[in-house]
Amino acid sequence: FFFLQQVAKMTATVDFPYSVNDEPTNEWTIEQLLHWCVLQSEVRTNERRDELIGALREQMAEGRKVLLEAHEQAVQATAGQDEDDDVEAANVDKKAAAGKVADKAEVTDEVMEDASAPATKKNAKAIANADENIANGADEEAAAAEAANAAPQKKETRSKAAAGAKTVRAEVIEGLYAGQTFDLKPKSRSPCFIGRSAGKKFRDRGISMPNDGEVSTTHAKVEVKGGKAYYTDVGSTNGTLLNGEEVEPNVPLVITDGMQLLIGAELVRFTLI
């Protein structure tokens, strides 16, 4: 390569009235022949460069295809795991309900057996005690119902949040997307994402706001931890405001019923359902 550079410098001012496609003849001078060799080398070098660039582009396209397929498989596997978790939880609830029904049936059988026994003094005393317990239980249930009705509405909302909402409703009340409502259903290992991206996970399970330039591509996420719903700003460019103050990035914020957050130019009200 160094030799070719030196030759190119030497022949740069050579009178060469031919093209690179011409074949050398006896009439050519040494300088013209060397200049023709340099041109031939440049042509072959450029052809080899174009071949390598084309091969690299094909490899990159193939690699991108493999990555997209792997990503899609991972998304499907995560969705399948979430469905299995929901089925398992439903089965546990069914077993618990069946156990309660069996316990009640056993207690009923015992009461019926006592009622059909001879009316001895011992049975009479047991029946009297049972009647007293039933009366006390009825009084306790009535007192509990009265206390529940007298409890403030705020306490009901707090208990609802503590129990964990299955759906977080996000209603845009101001901004480019005002009037739109999104029902977010985050799972333990599958949060719902909010951002400017129009990707599948934003459109199908999260909030996609591609026309708001103040919203980051991935702005925030809504997730469930310990039965509570949380909003987390994942380090967005313009941040998130709560009551005029910026929410600390990457720190989960408990979502309360009616909470309003300014996400980009969108004022969003959250409701626990």
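Two strands are said to pair if DSSP finds at least two bridges between them. In the predicted model described here, an open sheet of five strands is built on such pairing, and the strands follow the order β4-β3-β5-β6-β9. The pairing within this sheet is mixed. Strands β4 (207–208) and β9 (253–254) stand at the edges; each has a single partner strand, so one side of each is left without a neighbour in the sheet.

Strand β3, which comprises residues 192–195, pairs with β4 in the parallel sense, and two bridges join them. Within this pair, G195 stands opposite S208 of β4.

Strand β5 spans residues 220–225 and includes E223. The residue E223 counts as buried because its relative accessibility is 11%, and the cut-off for burial is under 20%. The side chain of E223 makes a polar contact with the side chain of T232, at 3.5 Å. When residues up to four places away in sequence are not counted, E223 touches P186, P191 and P252, together with K228, A229, Y230 and T232.

The cysteines were also examined. The count of disulfides, under the rule applied, is zero. C192 has a relative accessibility of 1% and therefore counts as buried.

How values were computed
Residues are numbered from 1 along each chain as its sequence is written. This is a predicted model: local features need pLDDT of at least 70, side-chain atom pairs count only at pLDDT 80 or more; totals for chains, interfaces and linings use all residues. Side-chain values use heavy atoms; hydrogens and water are left out. A disulfide is a pair of cysteine sulfur atoms within 2.5 Å. Buried means under 20% relative accessible area, exposed over 50%, partly exposed in between (1.4 Å probe, protein chains only). Helices (H or I, at least four residues) and strands (E, at least two) are DSSP runs, numbered from the N terminus. A polar contact is a pair of N or O atoms within 3.5 Å; within protein, one must be able to donate a hydrogen and the other to accept it, and residues adjacent in sequence count only if both atoms are side-chain atoms. Contact means heavy atoms within 4.5 Å.
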